[in-house]
Amino acid sequence: MTYDDDDGEWVKKQKKVRVEDRRYAEQTAEDSKIAHILDYDNTPQTSEDLDDFEFAIYALLRKWRHKRCAELDLEPYKIFQNKTICIIIRMRRNNDSWARKQFKVDQSNPLELSQADIKDIATDLLECWGIGPIKIQYPDGFGFEILHEMEDPEIVEHFQVSRLLAGGSADDDIEDADQTGDSNSSSIDQELSTTKEETSTIKEETYTIKEETSSIKEEVSTIKEEISPKKEKSTIKQESEESKEPIVEDKPAIEKKNKRKVQDKKSGDRSLDMETEENEKKK
């Protein structure tokens with residue numbers, strides 16, 4: 001009996017893995033000894049060819065398949081055969097971007113992908129044994145459904161741990177991280193020093209500009225003081241010249257004035273004639 005034949009038996013193999021740090025993950029792998037003897041470049045034929053963390057994903061995907069079988073009243077192999085599920089897991093485990101775009105985790109919303117994304121995903125899925133054109137139909141094909149299911153945080157975590165176990169020890173990773181951190185710290189210090197120098201230079205330039213501005217203001221003030229007496233002299237001269245100019249009256253005014261003089265003279269002559277007549281009468 002294999003784990004693929006009896007759900008009750010293969011579920012027992014699934015381990016409850018909750019990784020809090022890399023050292024714990026490596027210790028788990030040391031206990032199982034599976035991650036260190038598998039060739040991840042080989043295509044898995046059964047679930048026995050998976051490491052513990054890949055098998056945990058396999059168990060979760062089989063639960064999903066069982067649920068879909070009940071909903072659609074289908075046999076499991078019509079959705080995916082066990083070998084196909086194993087291959088899909090290994091493909092994603094070896095390449096995190098394989099058949100992967102930005103899927104929505106919210107199951108209540110449909111997948112939203114561009115035509116280019118759909119074509120790329122379908123091409124990747126067709127590389128797997130047991131997947132044909134019907135399963136890569138968008139969005140209802142089982143190929144897109146299983147990829148969506150693989151975005152579950154628990155499955156993503158299992159993938160990350162599986163990749164970590166085959167990539168070196170946790171101590172090496174920590175040491176590399178420390179070295180990287182020291183290098184980054186040194187680079188940051190240099191950038192800070194350069195920034196401080198640039199800031200100091202800017203301050204000096206600003207101070208110089210302020211001094212030059214103050215000097216310019218003083219020069220402008222001096223020029224204004226020199227120009228002010230000249231303006232006063234010019235104004236006085238202009239006023240004196242205006243006073244010398246004769247007052248020129250317009251022609252209608254002159255004619256009106258002359259008429260008044262003639263009228264005054266006539267009235268004066270009449271008054272004189274009347275006085276003369278009165279004197280003669282008296283005589």
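A word on ground rules before we look. The model is predicted, so local features are taken at pLDDT of at least 70 and side-chain atom pairs at pLDDT 80 or more, while totals for chains, interfaces and linings use all residues. Residues are numbered from 1 along each chain as its sequence is written, and side-chain values use heavy atoms, with hydrogens and water left out.

Let's start with the overall picture. The protein has 10 helices and 0 strands, where a helix is a DSSP run of H or I with at least four residues, a strand is a run of E with at least two, and numbering goes from the N terminus. Of the 283 residues, 27% are buried; buried means under 20% relative accessible area, exposed means over 50%, and partly exposed is in between, using a 1.4 Å probe and protein chains only. Among contacts with a separation of 6 or more, 66% join residues 24 or more positions apart, and a contact here means heavy atoms within 4.5 Å.

Now, please find helix H6, residues 115-125. Which of its residues are buried? They are Ile118, Ile121, Ala122, Asp124 and Leu125. Those residues span an arc of only 160° around the axis, so they sit on the same side of H6; the arc is taken from the directions that run from the helix axis to the C-beta atoms. A handy reminder: an α-helix has 3.6 residues a turn, so residues three or four places apart point the same way. On the face turned away from the buried side of H6 you'll see Gln115 and Lys119, both exposed.

What covers the buried side of H6? Helix H7, residues 142-149, is part of the cover. H7 is itself mostly covered, with 7 of its 8 residues buried. These are Phe142, Gly143, Phe144, Glu145, Ile146, Leu147 and His148. The cover over them includes H3 (52-72), H4 (76-79), H5 and H6.

That brings us to H5, residues 82-94, which packs with H8, residues 153-165, at about 65°, their axes 9 Å apart. The axes are lines fitted to C-alpha atoms, for helices over the stretch in contact, and angles run from 0 to 180 degrees between N-to-C directions. H5 and H8 therefore count as roughly perpendicular; that label covers 65 to 115 degrees, with under 35 roughly parallel, over 145 roughly antiparallel and the rest oblique. At this contact, Ile89, Arg92 and Arg93 of H5 meet Phe159, Ser162 and Arg163 of H8. By type, that gives 2 nonpolar, 1 polar and 3 charged residues.

Last stop, the loops. Most residues other than glycine have a negative phi, and most peptide bonds are trans. Here are some exceptions. Aspartate 73, in the loop between H3 and H4, has a positive phi near 55°. Alanine 99 also has a positive phi, about 45°, and lies in the loop between H5 and H6. Buried or exposed, where does each stand? Aspartate 73 is exposed, at 69% relative accessibility, whereas alanine 99 is buried, at 0%. Finally, the peptide bond from tyrosine 138 to proline 139 is cis, with omega near 0°, and proline 139 sits in the loop between H6 and H7.

Terms used. Nonpolar A, V, L, I, M, F, W, Y, C, P; charged D, E, K, R; others polar.
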